[in-house]
Each structure stands twice: as structure tokens, then as C-alpha cells.
Amino acid sequence: MAKKYYAVKAGRKTGIFETWDEAKEQVHGFKNAIYKSFKTMEEAENYMEGAEPEASHELDGKLLAYVDGSFSNILKKYSAAAIFVKDGEVVHKASVAYDDKDHLAIRNVAGEIKASMLAINYAIDEGYDEVHIYYDYEGIRSWAMGYWKTNKDATKAYKKFFDEKKDKVEVHFHKVEAHTGDKYNEMADKLAKEALVKSS
């Protein structure tokens with residue numbers, strides 16, 4: 001994985017860090033944290049000094065994954081979907097329906113978890129060194145990062161999965177409010193529902 005520098009403008013400590021683990025300690029759980037990663041120390045220093053790159057280009061070339069889950073009480077199934085976007089274009093779609101009885105109790109949350117796992121696996125399989133996951137259910141970030149206690153089999157499995165994969169790909173989580181018209185979030189929601197219909 002290419003060397004990166006992590007510039008933290010607002011966090012527990014500010015400055016430039018040479019590993020994601022160091023930077024993560026400063027920003028995760030810190031309200032309104034401001035940070036970015038750079039390929040060179042010079043770019044990181046420029047950013048700290050106020051040379052702000054245009055926000056619209058911040059995610060150029062990055063893999064974005066919009067994830068969602070769905071559940072059908074009639075079919076006794078749940079589903080996961082992920083829409084992968086790069087430079088404003090959809091590059092891949094993935095959806096799966098599941099009927100394992102162990103996870104049905106947590107309904108569509110089981111699908112949300114599986115969707116995040118789909119996104120992380122796809123990023124690793126395709127050789128990306130980072131992925132930005134856009135989710136509308138807070139557990140997706142909070143269970144992975146250890147903010148929420150994992151007390152069900154599905155959440156324990158998700159935390160274990162995340163811990164095993166986080167060294168292979170850098171995961172950034174972004175909250176999207178559900179059903180607010182976000183194009184790709186709505187697309188993921190629709191794809192998850194379609195997966196249930198196709199599996200019936």
C-alpha cells in the first residue's frame with residue numbers, strides 16, 4: 001500500500017500523522033473532526049497551512065460505496081445492496097438476498113451489515129487502498145469502530161470481519177439521511193428491495 005500522510009485540522013490532537021491508526025485515534029468519535037489523507041508530506045503541510053483543495057475534487061478517483069439493506073416478513077428474507085461510484089459514475093452494483101434464520105431477528109439491519117461487508121470485500125478484491133462507505137443506519141459505523149457494543153451474533157461477526165479487513169483497505173464512513181433524495185442512496189435502497197423480489 002502506498003505511503004500516506006494524514007493531516008488532522010480538528011481532532012483530539014492536530015498535526016500530520018504517518019499512519020491511519022494514529023490519525024484515527026485523533027478523529028474517530030471527535031465531533032466535527034476535520035482531516036484528509038495525502039500522498040506527500042508537502043501536500044499535507046499545504047493543507048494544514050490553509051491551502052484547501054476544492055471540496056468537489058476531494059473524492060476524485062476514490063471508490064464510493066452506497067449501502068442499504070431490506071427485509072421481508074412475508075418471505076422471511078433480508079437483502080443487502082451496494083452501489084459503487086467513482087468520479088460520479090456507477091462502476092458496479094451488487095445485491096444478495098439471504099434467508100439464514102440466525103439473523104432474521106434483526107430484520108433489515110442484517111442486510112445493512114452484509115451490504116457494508118460487500119463494499120469492503122469489493123474494494124479489496126478490486127485493489128483499492130481505500131473505500132468511502134455511505135450508510136443510513138448508524139450501526140454500520142458504530143459497530144465496526146467499536147462505539148456500540150456487539151451483543152448479537154450478526155454484530156459480533158461484523159466487528160470480527162471489520163477487524164480482519166481494516167489492514168487491507170482504509171474504510172471511511174459517511175452518514176446519509178435515509179429517504180432524503182440522495183440519488184445513490186435511493187438506488188441502493190431500490191436494489192435491495194429488488195433482490196428480495198427476485199429471490200422469491
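**Figure 1. Strand β4 in the predicted model, with both of its faces covered**. Leu63, Ala65, Val67, Gly69 and Phe71 point one way from β4, while Leu64, Tyr66, Asp68, Ser70 and Ser72 point the other way. The residues of both sets are all buried. Because 10 of the 10 residues of β4 are buried, the strand is largely enclosed by the rest of the structure.

**Figure 2. The hairpin of β4 and β5**. Strand β4 covers residues 63-72 and strand β5 covers residues 77-86. The two strands pair in the antiparallel sense, over 9 bridges. Between them lie 4 residues, and lysine 76 in this turn has a positive phi of about 55 degrees. Serine 72 has lysine 77 of β5 as its bridge partner. Elsewhere in the pair, tyrosine 66 stands opposite isoleucine 83 in β5.

**Figure 3. The open sheet of 5 strands**. The strands are arranged in the order β6-β5-β4-β7-β8, and their pairing is mixed. At the edges are β6 (89-98) and β8 (170-175), each of which pairs on one side only. On average, neighbouring strands of the sheet are turned by 20 degrees against each other, direction ignored. Helix α3 (residues 108-125) packs on this sheet and touches β4, β5, β6, β7 (130-135) and β8. The direction of α3 makes about 150 degrees with that of β4.

**Figure 4. Strand β7 and the two strands it pairs with**. Strands β4 and β7 run parallel and are joined by 4 bridges. Strand β7 also pairs with β8 in the parallel sense, over 6 bridges. Tyrosine 134 of β7 is the bridge partner of tyrosine 66. Tyrosine 134 also stands opposite histidine 174 in β8. Which residues cover the two faces of β7? Glu130, His132 and Tyr134 lie on one side, and Val131, Ile133 and Tyr135 on the other. As a count, 6 of the 6 residues of β7 are buried.

**Figure 5. Helix α3 and its buried residues**. The helix has 18 residues and reaches 25 Å from its first C-alpha to its last, close to the 26 Å expected at 1.5 Å a residue. Its buried residues include Val109, Ala110, Gly111, Glu112, Ile113 and Ala115. Ser116, Met117, Ala119, Ile120, Tyr122 and Ala123 are buried as well. After α3 comes glycine 127, whose phi is positive, near 85 degrees.

**Figure 6. The largest nonpolar core**. In soluble globular proteins, nonpolar side chains tend to be buried together. The core shown here has 35 residues. Those that touch the most other members are Phe84, Ile113, Val131, Ile133, Tyr158, Val171 and Phe173. Two or more residues come from each of β4, β5, β6, α3, β7, α4 (139-144), α5 (153-165) and β8. Which element gives the most to this core? Helix α3 does, with 9 residues. A second, separate core of 11 residues includes Leu64, Tyr66, Val85 and Leu191.

**Figure 7. The surroundings of phenylalanine 173**. Neighbours within four places in sequence are left aside in this view. The residues in contact with phenylalanine 173 are then Ser116, Ile133, Tyr135, Ile140, Arg141, Ala144, Met145, Tyr158 and Phe162.

**Figure 8. Helix α6 and its buried face**. The 17 residues of α6 (residues 183-199) should span 24 Å at 1.5 Å a residue, and the end C-alpha atoms are 25 Å apart, which agrees. Buried in this helix are Tyr184, Asn185, Ala188, Asp189, Leu191, Ala192, Ala195 and Leu196. Seen down the axis of α6, these buried residues fall within an arc of 160 degrees, so they line one face of the helix. An α-helix has 3.6 residues a turn, so residues three or four places apart point the same way. The buried residues of α6 pack against β4, β5 and β6. On the other side of the helix, Lys183, Lys190, Val197 and Lys198 are exposed.

**Figure 9. Glutamate 45 in helix α2**. This helix covers residues 41-48. Is glutamate 45 buried or partly exposed? Glutamate 45 is partly exposed, because its relative accessible area is 37%, whereas buried means under 20% and exposed over 50%. Glutamate 45 and tyrosine 6 are 39 residues apart in sequence. In space they are 9.9 Å apart, C-alpha to C-alpha.

Note on methods
Residues are numbered from 1 along each chain as its sequence is written. This is a predicted model: local features need pLDDT of at least 70, side-chain atom pairs count only at pLDDT 80 or more; totals for chains, interfaces and linings use all residues. Side-chain values use heavy atoms; hydrogens and water are left out. Two strands pair if DSSP finds at least two bridges between them. Axes are lines fitted to C-alpha atoms, for helices over the stretch in contact, and angles run from 0 to 180 degrees between N-to-C directions. Contact means heavy atoms within 4.5 Å. A nonpolar core is a set of buried Ala, Val, Leu, Ile, Met, Phe, Trp, Tyr and Cys residues joined through side-chain atoms within 4.5 Å. Buried means under 20% relative accessible area, exposed over 50%, partly exposed in between (1.4 Å probe, protein chains only). The expected span of a helix is 1.5 Å times one less than its number of residues. The arc is that of the directions from the helix axis to the C-beta atoms.
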